[in-house]
Amino acid sequence: MKNSSLDHAEERAALGARLAAAGIGPDRVEFRGFSSHRSMLGEYNEVDVVLDTFPYNGGITTLEAMWMGRPVVTIRGDTMISRQGAALLEEVGLGELAADDAAGFARIVRELVSSPARLASIASGLRARMTASPLMDAPGMARALEEAYRVAWRDFVATAPRRI
């Protein structure tokens with residue numbers, strides 16, 4: 001687990017206690033605190049699968065994990081912020097890594113880590129998937145935004161009260 005709050009012993013102890021209460025021993029989790037952005041990106045090389053947070057899914061962290069070749073597993077929630085991870089995965093053709101609930105999340109993670117060939121296949125092609133996806137199509141995104149502005153303006157003009 002990585003978060004700058006884990007630089008503080010009391011935070012590590014509190015989180016460790018919560019994990020222990022859930023049956024997760026201290027030998028199964030490594031706590032990592034703050035590091036430079038470059039170092040943090042390098043740390044992805046020590047991870048096989050990134051477990052997204054819930055109900056506040058990753059955005060930039062999900063994109064960075066995928067850019068670094070690490071599959072992300074997420075839970076698709078019922079709010080915009082809790083559907084963000086699933087939306088990003090769907091854009092790169094990996095919607096199957098988004099679960100509808102905690103049980104599905106656990107199943108997807110188990111399947112991934114028990115199939116090294118599948119995991120390696122997904123990981124090796126992630127950057128290429130991202131590059132070819134709408135996520136990296138800045139001109140296309142600009143055109144879509146321009147069109148959204150045009151539609152909003154036309155709707156405004158069509159419904160605005162006429163002034164004489």
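This is a short tour of the model, one selection at a time.

Before you click, note that the model is predicted: local features need pLDDT of at least 70, side-chain atom pairs count only at pLDDT 80 or more, and totals for chains, interfaces and linings use all residues. Residues are numbered from 1 along each chain as its sequence is written, and side-chain values use heavy atoms, with hydrogens and water left out.

**Stop 1: the sheet.** Select strands E1, E2 and E3; they form an open sheet in the order E1-E2-E3, with parallel pairing. E1 (50-51) and E3 (98-99) are the edge strands, each with a single partner, so one side of each has no neighbour in the sheet. (Helices, H or I with at least four residues, and strands, E with at least two, are DSSP runs numbered from the N terminus; two strands pair if DSSP finds at least two bridges between them.) Now zoom in on E1 and E2 (residues 72-75), which pair over two bridges. Pick Val 50 and look across to E2, where its bridge partner is Val 72.

**Stop 2: helices on the sheet.** Then show H4 (residues 80-91), lying across E2 and E3 and running at about 135° to E2. (Contact means heavy atoms within 4.5 Å; axes are lines fitted to C-alpha atoms, for helices over the stretch in contact, and angles run from 0 to 180 degrees between N-to-C directions.)

**Stop 3: Phe 105.** Go to H5 (residues 102-113) and select Phe 105. Phe 105 is buried, at 16% relative accessible area. (Buried means under 20%, exposed over 50% and partly exposed in between, using a 1.4 Å probe and protein chains only.) Beyond its neighbours within four places in sequence, its contacts are Leu 51, Asp 52, Val 73, Thr 74, Ile 75 and Ala 99.

**Stop 4: Thr 62.** Next, pick Thr 62 in H3 (residues 60-67). Thr 62 is buried too, with a relative accessible area of 2%. Leaving out neighbours within four places in sequence, Thr 62 is in contact with Asp 52, Val 72 and Leu 88.

**Stop 5: out to the surface.** Finish on H7 (residues 138-159) by selecting Trp 153, which is exposed, at 57% relative accessible area.
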